[in-house]
Amino acid sequence: MVTVHVHAAQDNLPERLGKYLLAEQDKALSQSNTFKVAISGGSLVNVLKKGLIEDSKIAPKVKWDQWEIYFVDERIVPLNHPDSNYGAFKFSVLDHLTTKQPKVFPLNESLVGKGPEENKKIAQEYEDLLPKDLDSLLLGCGPDGHTCSLFPDEVHKYLIEEKKQRVMWCYDSPKPPSDRITVTLPVLAEAKEIAFVAEGASKQPIMHEIFDVKNTELPTALINKLYGDKVTWFVNDEAFAKVETKTF
Ligand SMILES: O=C(O)[C@H](O)[C@@H](O)[C@H](O)[C@H](O)COP(=O)(O)O
């Protein structure tokens, strides 16, 4: 059973996500010294900035020095490249932290731009450092129903069908840039909690496909079906305007 929080315009989706993350942080830190979270790129980093940096009630409660931050997917570009998810997160969140800093795990930049064998090595190295007990995954949802760099087209079926490798090279991505690494379903299966964030009118058609049609050709709908008991969606009413279903 998927949990969905629909936010009206005047609601504060970033605040709701921030409170959710504080609860996940406190749950993790009641059992260990670290809160291990893997994040997406895209608009998510702006929501994290609003919810964890700019929200004056939440910001002081974030124990950043006990966070370990990984990426569920990353573009195979230099870390200071405008397309880098690490770079976007650094600009939106890390650069605003003055005292406590989290441990952040970018890809191995020294192998970027060296060709297919090195791209596979980047993926393998990331798989080797990625914990098998992530506390939380924070995922986006593309207008085509992709998440991470798991795309719904025939060409990229090799990624969603992978059962062993936990991080793979995604080539010819339909969403530029072309070369990325991405976690696969085994990582979603291992994770304790999964949260999606989707906002805006551009997501209306795909929200209908995911929640009404339940089209499991879409990686996002498939994740709802496979792992729904640990999936929470944070959406705004603009994105959810075409969804008729009331139970998920
Ligand atoms: O590296 C990436 O491109 C992202 O990880 C990607 O999976 C993103 O989460 C979705 O494309 C949604 O992006 P928006 O929220 O910006 O629409």
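These legends describe close-up views of a predicted model. Local features need pLDDT of at least 70 and side-chain atom pairs count only at pLDDT 80 or more, while totals for chains, interfaces and linings use all residues. Residues are numbered from 1 along each chain as its sequence is written, and side-chain values use heavy atoms, leaving out hydrogens and water.

**View 1. A parallel sheet of seven strands.**
The strands run in the order β1-β10-β9-β6-β2-β3-β5 and form an open sheet. Their pairing is parallel. Strands and helices are DSSP runs numbered from the N terminus (strands: E, at least two residues; helices: H or I, at least four). Two strands pair if DSSP finds at least two bridges between them. At the edges are β1 (3–7) and β5 (103–104), each pairing on one side only. Strands of a sheet pair through backbone hydrogen bonds, either parallel or antiparallel.

**View 2**
Strand β9 covers residues 193–198 and strand β10 covers residues 231–236. The two run parallel and are joined by five bridges. A198 stands opposite V235 in β10. Helix α7 (residues 204–213) lies across β1, β9 and β10. Its direction is at about 140 degrees to β10. Axes are lines fitted to C-alpha atoms, for helices over the stretch in contact, and angles run from 0 to 180 degrees between N-to-C directions. Contact means heavy atoms within 4.5 Å.

**View 2. An antiparallel sheet of three strands.**
This open sheet has the order β4-β8-β7, with antiparallel pairing. Its edge strands are β4 (73–75) and β7 (167–170), and each pairs on one side only. Neighbouring strands are turned by 20 degrees against each other on average, direction ignored.

**View 3. Strands β7 and β8, with helix α4.**
Four bridges link β7 to strand β8 (residues 180–183) in the antiparallel sense. M168 stands opposite T182 in β8. Helix α4 (residues 116–129) packs on the sheet and touches β7 and β8. The helix direction makes about 155 degrees with that of β7.

Polar contacts are pairs of N or O atoms within 3.5 Å. The side chain of H146 has an N or O atom 2.7 Å from a ligand oxygen atom. For N85, the side-chain distance to a ligand oxygen atom is 3.0 Å. A polar side-chain atom of R180 lies 3.3 Å from an oxygen atom of the ligand. Taken alone, the ligand exposes 420 Å², and the protein buries 90% of that. Accessible areas come from the Shrake-Rupley method with a 1.4 Å probe.

Terms used
Polar contact = N/O pair within 3.5 Å; in protein donor to acceptor, adjacent residues only side chain to side chain.
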